[in-house]
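Biologist: Before we discuss any particular feature, could you put the model up, so that we can go through it one element at a time?

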Amino acid sequence: MKKAFEFLKQLEKNNTREWFAAHKAEYDVLAKENKALFNRIHAGLQQHDRVPGIHLYRIYRDVRFSKDQTPYKTHFGAGYSRLKPMLRGGYYIHLEPGNSFVGGGFWGPDAKDLLRIRKEFEISTVEIEKITSDQTFINYFKEIKGEAVKTAPRGFNKNHPAINLIRKKQYVVMRPFTDQEVFSDDFQKEAVLTFLAMRPFFDYMSEVLTTDLNGQPL
């Protein structure tokens, strides 16, 4: 990964089509090596979960609606999807100099799923608090993160004890890695272990999203 990070640092300084074209051969080699790493992590994850999908994110940015017109991303990323509809939650790995992390969760739940999650937390937070107070969860992730509405979603009491969970639009967890940790021989193993630490959270949310408020299967 050291060579990949050096390439990404140079790309950040020279984020133009001309520079990238001149270094395309180098990028192709590094992209192939990163794909192999992401595939090995996928294989390790599949030993513990049903994860049929892997998505390798392209380095080319979509600049059509962005103020930032630089044409290339300065990171490598991959996502792993669980077997739907019964298994919910997505895994993600992001490799970037000074900003690497292994994460997962629910980045953009649709309106129906988001309402179901919020209604669950409105009724009770016993299960989710049990998960997030577990020492393994705390060691790996500290807390559930994600964007949130400013006060309370429509139809919910802004003074509800669980409003900090209810107001979220995303429910994600992340574990940061230093560059040296990414370069370590143990990184592949640590990435898989990080994904496995998400399982209690994923399994609970999967149960919520596949049942109604009475706990009956949908």
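**A strand covered on both faces**

Modeller: Buried here means under 20% relative accessible area, with exposed over 50% and partly exposed in between (1.4 Å probe, protein chains only), while strands (E, at least two residues) and helices (H or I, at least four) are DSSP runs numbered from the N terminus. This is a predicted model, in which local features need pLDDT of at least 70 and side-chain atom pairs count only at pLDDT 80 or more, whereas totals for chains, interfaces and linings use all residues. Residues are numbered from 1 along each chain as its sequence is written, and side-chain values use heavy atoms, with hydrogens and water left out.

Biologist: Why is S3 largely enclosed by the rest of the structure?

Modeller: In a regular strand the side chains alternate between the two faces of the sheet. In this case six of the six residues of S3 (residues 90-95) are buried, so the strand is largely enclosed.

Biologist: Which strands are joined to S3 by bridges?

Modeller: Strands pair if DSSP finds at least two bridges between them. Strand S2 (residues 76-81) runs antiparallel to S3 and is joined to it by six bridges, with Tyr80 opposite Tyr91; strand S4 (residues 100-106), also antiparallel to S3, is joined to it by five, and Gly103 of S4 is the bridge partner of Tyr92. The open sheet has five strands in the order S1-S2-S3-S4-S5, and its edge strands, S1 (53-56) and S5, each pair on one side only.

Biologist: Which elements do the buried residues of helix H10 pack against?

Modeller: An α-helix has 3.6 residues a turn, so residues three or four places apart point the same way. In H10 (residues 199-209) the buried residues include Phe201, Met205 and Leu209, and the buried residues of this helix pack against S3, S4, helix H4 (111-123), helix H5 (126-132) and strand S5 (171-177), where contact means heavy atoms within 4.5 Å.

Biologist: How do helices H3 and H9 cross?

Modeller: Two packed helices are described by the angle between their axes and the distance between the axes. The axes of H3 (residues 24-46) and H9 (residues 187-197) come within 9 Å and cross at roughly 45 degrees, the axes being lines fitted to C-alpha atoms, for helices over the stretch in contact, with angles running from 0 to 180 degrees between N-to-C directions.
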